[in-house]
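Here's a quick tour of one protein model and its ligand.

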Amino acid sequence: MGVSTAFRCKVTAVPITMERGAGPCFYDVDGNEFIDYGLAWGPLIVGNNHPQLSQAITEQLARGYTFGAQHRGETVLAEKMVSLLPGVDRVIFSNTGSEAVQAALRLARGFTGREKFIKFEGHYNGWLNNVLVSSHPQPEQFGKTVGDCGGQPEAEYSLTVTCPWNNLAALEQVFRDNPGQIAAVIGEPILVNGGSCMPNEGYLAAMIELCREHGAVSIFDEVITGFRIALGGAREYFGLQPDLSVYAKAMGGGFSISAVGGRREVFDALLDGRTGHFGTYNGNPISVAAAIATIDILSEPGTFERIHRHGYALREAMESAAKENGVTLVTSGTGAAFHVHFGLQRPPRCIREAMQADQAIGDRFRERLFERGLYCLPAGRWYVGAAHGEEQLQQATGAIREAMQGL
Ligand SMILES: Cc1ncc(COP(=O)(O)O)c(C=O)c1O
């Protein structure tokens with residue numbers, strides 16, 4: 001279908017091909033301008049072609065592309081992360097979110113000596129066989145562990161235990177059913193991939209505590225929330241410290257880099273040889289330079305307040321335009337990453353509730369926004385970044401009001 005990842009098939013009704021980006025906008029090959037509320041599915045947190053980021057890359061290009069050996073940037077980046085991310089003592093680098101999730105799971109298994117892990121229904125933790133299960137389950141598949149696409153042998157997810165999210169009793173039950181066998185629990189702290197569902201009060205803290213009680217490693221998959229909902233990601237936003245967190249997307253500002261960070265003792269499993277971590281491009285200097293520059297740009301005071309304010313203003317614009325036009329709609333998530341759900345009366349708390357939204361109206365709304373120069377992602381997902389300003393907000397709220405009429 002002319003796309004490089006299957007997720008891109010359904011983004012626009014007609015296929016469009018990009019030519020260039022600039023700040024909060026990008027341009028297709030026909031010269032159409034779009035305000036970018038997709039941020040390349042998350043990475044472009046500081047916008048397209050940020051001058052400071054471009055300069056950092058250009059300077060690194062002159063020094064070398066990749067060394068296959070240690071370089072200064074790795075230390076600079078690791079020290080920044082350790083100082084910014086609460087409870088992160090050590091980090092390791094890899095290239096994509098999918099890879100870093102696997103590195104975290106392997107660390108947890110090496111650390112605990114156990115094999116099974118728990119992942120949550122409706123959560124997406126990358127495309128590899130052991131985690132690409134029950135991410136978008138059909139109702140008849142609720143409560144089961146099922147592969148999300150063909151070509152996934154059952155044996156490769158036989159050690160994955162799926163559990164409903166935001167349901168403490170269900171998690172306790174899974175621990176009881178698998179005594180002494182669970183190496184880790186991995187989950188998105190905000191279920192962005194399943195409709196930007198917020199965690200119930202106390203749920204994440206209880207998940208971390210349950211892991212401690214049962215000797216399992218708690219893992220936040222912060223591929224989306226990291227460096228987006230706060231500089232310190234979900235750890236800062238919720239004031240919580242799981243054993244490990246996984247970072248990617250926004251961390252590299254558009255370049256391919258990911259990391260696992262967390263508690264010192266868990267990483268001892270790497271130091272003493274209980275497990276290993278590999279990858280030719282791990283810590284490659286271009287991506288590392290991009291990550292350092294991105295974090296520096298995001299560290300400017302007021303950045304996250306601005307991002308959230310912009311996002312909440314968009315949400316408010318949609319909610320009030322819907323009310324004026326007699327359209328039922330709710331929004332959920334934060335200002336930096338959120339979902340719009342047509343047909344729902346209250347924000348969903350898990351994938352099962354999010355799936356009740358009316359996708360057909362959502363798609364029509366998105367098409368109308370697209371015709372008015374707003375580029376948004378399928379299923380009502382919006383990302384807001386540091387490059388979105390007052391001008392984009394004015395244009396977007398005008399487009400939202402028009403698009404909602406007669407929907
Ligand atoms: C929460 C989460 N984890 C992991 C991944 C996988 O990351 P990548 O696509 O970089 O492999 C994604 C990608 O969307 C994600 O949203």
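## Around the ligand

Sorted by class, the shell around the ligand has 5 nonpolar, 6 polar and 2 charged residues. Keep in mind that this is a predicted model. The shell counts 13 residues, and Thr96, Gly97, Ser98, Gly126 and Val223 come nearest to the ligand. If you're wondering which element gives the largest share of that shell, it's helix H3 (residues 97-112), with 3 residues.

## Overall build

The protein has 12 helices and 14 strands. Its radius of gyration is 21 Å, close to the 22 Å that the globule rule gives for 407 residues, so the protein is as compact as a globular protein of that length. Along the principal axes, the C-alpha atoms fill a box of roughly 60 × 55 × 40 Å.

Of the 407 residues, 49% are buried. Now take the contacts between residues at least 6 apart in sequence: 71% of them join residues at least 24 apart.

## The nonpolar core

The largest nonpolar core holds 113 residues. Ala104, Ala108, Ala184, Val185, Val217, Ile219 and Val260 are the ones that touch the most other members. Helix H8 (residues 285-298) puts in the largest share of this core, 10 residues. Both domains take part, since the core draws at least three residues from each of domain 1 (6-49 + 301-404) and domain 2 (51-298).

Leaving out residues up to four places away in sequence, Ile219 touches Ala104, Ala108, Ala184, Val185, Ile186, Pro242, Asp243, Leu244 and Val246.

The chain is divided into domain 1 (6-49 + 301-404) and domain 2 (51-298). Their C-alpha centres lie 25 Å apart. The contact takes 25 residues from domain 1 and 30 residues from domain 2.

On the side of domain 1 that touches domain 2, the elements giving two or more residues are helix H9 (303-324), strand E11 (329-333), strand E12 (337-342) and helix H10 (351-354). E12 gives the most to that side, with 4 residues. By class, this side of domain 1 has 15 nonpolar, 8 polar and 2 charged residues.

## Gly42

Gly42 sits in the loop between strand E3 (33-36) and helix H1 (51-63).

Not counting residues up to four places away in sequence, Gly42 touches Ile224, Lys249, Ala250 and Tyr383.

## Tyr27

Tyr27 belongs to strand E2 (residues 25-28). With 15 C-beta neighbours inside 10 Å, Tyr27 counts as partly exposed, because that class lies between the cut-offs of 12 or fewer for exposed and 20 or more for buried.

Which residues does Tyr27 touch, not counting those up to four places away in sequence? They are Glu19, Arg20, Asn32 and Glu33. Tyr27 and Ile16 are 11 residues apart in sequence, with a C-alpha to C-alpha distance of 9.8 Å.

Terms used
Residues are numbered from 1 along each chain as its sequence is written. This is a predicted model: local features need pLDDT of at least 70, side-chain atom pairs count only at pLDDT 80 or more; totals for chains, interfaces and linings use all residues. The radius of gyration is taken over C-alpha atoms; the globule rule is 2.2 Å times the number of residues to the power 0.38. Two residues are in contact if their C-beta atoms, placed from the backbone, lie within 7 Å. A residue is near a molecule or strand if its C-beta atom, placed from the backbone, lies within 6 Å of it. Ala, Val, Leu, Ile, Met, Phe, Trp, Tyr, Cys and Pro count as nonpolar, Asp, Glu, Lys and Arg as charged, and the others, Gly among them, as polar. A nonpolar core is a set of buried Ala, Val, Leu, Ile, Met, Phe, Trp, Tyr and Cys residues joined through C-beta atoms within 7 Å. Domain bounds come from an automatic or database domain assignment.
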